[in-house]
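Welcome! Work through the exercises below with the structure in view, and try each one before reading its solution.

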Amino acid sequence: MTHRNDCDVLILGGGNAALCAALTARRAGVSVMLIESAPIAYRGGNSRHTRNMRTMHEGPLPPLTDAYPEEEYWQDLLKVTGGLTQEPLARMAIRGTVSHVPWMIENGVRFQAPLTGTLHLSRTNAFFLGGGKALVNAYFRAAESLGVDIHYETEVVDLLWEGNACVGVVVAKGGSQREIRAKSVVPATGGFESNLEWLREAWGPVADNFLIRGTPYNRGVVLKRLLEAGAEQVSDPTQGHYVAIDARAPKFDGGIVTRVDAVTLGIVVNARGERFYDEGEDFWPKRYAIWGRLIANQTGQVGYSIIDSKAIGRFMPPVYPPEKAHTLAELAVKLGLDAAALERTVAGFNAAVRPGTFDHTVFDDCRTEGLDPPKTHWARAIDTPPFYGYPLRPGLTFTYLGVKVDERARLIMKDGKPAANVFPAGEIMAGNILGKGYLAGIGMAIGTTFGRIAGEEAARHARC
Amino acid sequence: MRVAERPSLEELVAEAQRVLAICNACRYCEGYCAVFPALQRRLEFTDRDVHYLANLCHNCGACLHACQYAPPHEFQLNFPGTLARVRARTYEHYAWPAPLGRLYRQNGVTVALALVVGLALILGVMGWQNSPGAFFAAHPLEKGSFYAVMSHGTMVALFGTVSVFVLLAFLMSFLGFWRGLGERPADVIQGGPVAHAAHDAFTLKYLDGGGEGCYSEGAAPSNMRRLLHHLTFYGFLLCFAATSVATVYHYALARPAPYPFLSVPVLLGTLGGIGLIIGPVGLMWLRRNRNPDLGDASQRSMDVGFLALLLLTSASGLALLGLRESAAMGGLLALHLGTVMALFLTMPYGKFAHALYRMAALVRYHVERRRPALSTGAE
């Protein structure tokens with residue numbers, strides 16, 4: 001039995017990759033429908049929380065300074081993933097970014113001028129004016145004006161297969177279900193970070209103590225259906241972007257403001273009041289992405305960043321005020337820690353601090369000696385009241401478990417063959433390139449490159 | 001007596017402090033305008049800081065549309081709306097003399113009362129100076145037309161007195177606002193912050209949403225609000241210029257009004273009057289169509305009252321120009337002068353005051369901008 005198609009290309013999801021695919025396919029002249037599970041106010045998935053795209057460039061490019069060549073970009077990626085990446089796909093994502101900036105501007109995205117930012121990443125990352133939600137708004141406006149058929153608050157519950165082709169989906173909206181059929185399908189529904197049951201399956205009960213910094217709408221339904229249908233899996237369910245964030249942050253959707261940037265300026269202790277990792281190993285931008293997992297491995301999945309008054313004004317102001325006390329014992333009580341244990345840890349730390357010249361902008365010579373674990377830079381005695389403490393928990397932004405794709409963004413099945421008409425893009429396939437670790441702004445690079453490729457391939461397939 | 005539920009300035013400032021702390025931890029909007037770089041210079045926000053930042057905001061709305069924490073998010077962050085509520089209350093707080101700050105509470109009534117007072121004053125003086133016959137008669141231009149119903153000296157005395165009071169009120173309000181910001185006079189003079197601020201004000205730099213425009217009539221940014229404000233503002237300036245040129249003509253060249261249609265004062269006044277019709281009408285229309293979340297609903301009568309007064313000034317002025325040789329001249333002149341009087345009287349107690357505080361905030365911004373920013377480390 002043949003059904004009439006509702007559209008040529010069906011885009012599942014409403015974030016950056018979905019929108020890039022929708023715009024590209026629509027511009028190629030085919031009809032496009034886009035299904036977004038969130039209401040308008042929350043549309044855009046995790047792209048709502050992004051701020052920039054890591055962009056390669058051989059010389060100064062309007063939103064970027066200096067140069068960030070392909071090889072340097074690739075080496076940066078190789079380092080953070082420890083080799084858990086696929087070079088051909090990674091290089092495609094990297095090279096793709098060269099052409100993205102003008103394409104994005106054409107579709108209404110605006111960039112912040114370089115060097116005006118406070119974040120000093122303007123050599124490697126192009127900052128969106130107003131951040132990711134402004135980008136999402138611009139893309140939705142462009143999609144509307146091009147005639148993309150957009151449906152909000154519509155959730156995909158199942159995929160319909162005929163052989164190796166996905167011929168449509170079943171969607172639920174307001175309590176009723178219906179089928180939508182299309183010639184090609186672009187699953188761009190993100191990871192499963194807001195599916196707490198799935199996280200518990202992967203991590204065990206410790207997952208209950210994670211906060212989800214990203215969108216509450218990424219429940220991984222489409223990802224699960226693809227895996228059930230025999231798609232080849234990449235990365236594993238415990239991998240993701242885990243940051244140490246303020247323990248008082250909302251369970252979902254806290255975004256950027258929940259970060260605590262004080263770690264390198266003091267010490268971090270666990271629930272027993274003991275240190276467990278070198279806080280001065282590297283600059284915070286290079287390290288914040290490992291602290292989420294470090295804290296996930298501590299008792300109760302909680303940590304406490306402890307600083308004294310010397311650190312105030314030297315880090316980005318966090319959204320929640322710190323606990324503050326004039327003695328360490330008092331601070332410990334406020335944080336719910338054992339006072340004697342915290343005092344012992346700080347005393348041991350202070351005794352191990354070697355004299356040096358503190359400079360937070362370089363790898364300075366302030367370090368500990370004879371302490372395990374050591375603090376290798378920016379180690380200064382915690383001795384000048386008032387003392388401050390921030391409670392920390394692992395904050396998950398997005399998961400890396402995904403489906404395998406090839407260089408044409410085609411979904412690869414377990415038998416090694418591509419599905420006929422399925423072109424995943426964005427977080428759902430980012431694990432092909434980012435198997436573990438994190439590199440700021442690479443999610444948007446992967447999403448934009450593979451979103452555009454998926455849109456192009458999906459349109460090409462639909463026209464056949 | 002009914003007591004309106006009206007949050008205090010302190011309560012509004014407290015909400016702004018909550019919002020500013022979130023914005024300072026996020027900073028995604030830093031490219032939009034001056035408010036974000038200014039707030040990023042601070043770790044905490046005093047009452048004065050909030051008053052300053054509220055008046056630095058031009059309410060373009062770009063940040064609310066870009067905000068990942070905007071309602072319905074549990075942070076309930078509405079930056080432009082929060083600052084708009086504070087801003088309106090700072091006008092009341094810094095008004096001079098202080099008791100007249102109450103005139104902001106029901107500003108529509110204030111505008112209407114001022115209009116009644118203005119018209120009564122002008123009509124009273126005209127009635128005292130003329131017989132009813134002269135008021136209702138047509139006067140040929142060569143006989144001095146306007147001055148047939150009110151002498152030049154009387155006009156100068158009336159408007160001169162009010163102008164001096166308005167300038168004094170503005171000076172005192174400015175000093176109240178500026179005091180406590182902690183800027184030394186030398187910093188205001190050196191390095192040209194006033195010139196930079198004037199440039200920003202005359203171009204409405206911060207009504208451009210970082211380059212895309214302002215969120216006004218639809219879901220997409222546009223430059224409509226900026227254009228209409230320009231028409232209003234430059235229309236007002238042209239009318240002011242027309243009066244200034246006429247004053248020079250009168251005293252320096254001994255050429256009293258009325259002037260021919262193609263004379264400098266009439267051309268300036270006509271152009272200005274046209275701007276002052278299109279601008280206010282357009283701004284009223286935008287106001288009706290704008291997302292109400294962006295502003296402060298309680299400001300409606302202040303905004304509309306001021307625009308209505310501008311519109312009545314220009315419409316009566318143009319009508320007077322067209323009909324100055326007819327028997328309607330006396331009535332139209334009374335209406336025009338009465339409206340202008342009302343406009344002058346409400347300048348320190350109405351929406352016009354936004355020009356004073358925004359300019360002061362822009363000067364402060366350019367003074368601060370030369371100082372090194374906080375070094376809070378990299379992302």
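Predicted model: local features only at pLDDT ≥ 70, side-chain atom pairs only at ≥ 80, totals over all residues.

**Exercise 1.** Find how much area is buried between domain 1 of chain A and domain 2 of chain A.

*Solution.* Start with the total: the two domains bury about 600 Å², where buried area is the accessible area (1.4 Å probe) that two parts lose on being put together, summed over both. Carbon and sulfur atoms give 63% of this area. Residues are numbered from 1 along each chain as its sequence is written, chains are lettered from A and ligands numbered from 1 in the order written, and side-chain values use heavy atoms, without hydrogens and water.

**Exercise 2.** Identify the salt bridge between the side chains of Asp253(A) and its partner.

*Solution.* Apply the rule: a side-chain nitrogen of Lys or Arg within 4 Å of a carboxyl oxygen of Asp or Glu. The partner is Arg48(A), at 2.6 Å, N to O. The count between the two domains of chain A is one salt bridge.

**Exercise 3.** Describe how chain A meets chain B.

*Solution.* First, contact (heavy atoms within 4.5 Å) links 39 residues of chain A with 36 of chain B. Then take the area: about 3200 Å² is buried, 55% of it on carbon and sulfur atoms. Leu129(A), Arg141(A) and Pro317(A) supply 16% of the area that chain A buries here, more than any other three residues. Finally, Arg51(A) and Glu30(B) form a salt bridge at 2.9 Å, N to O.
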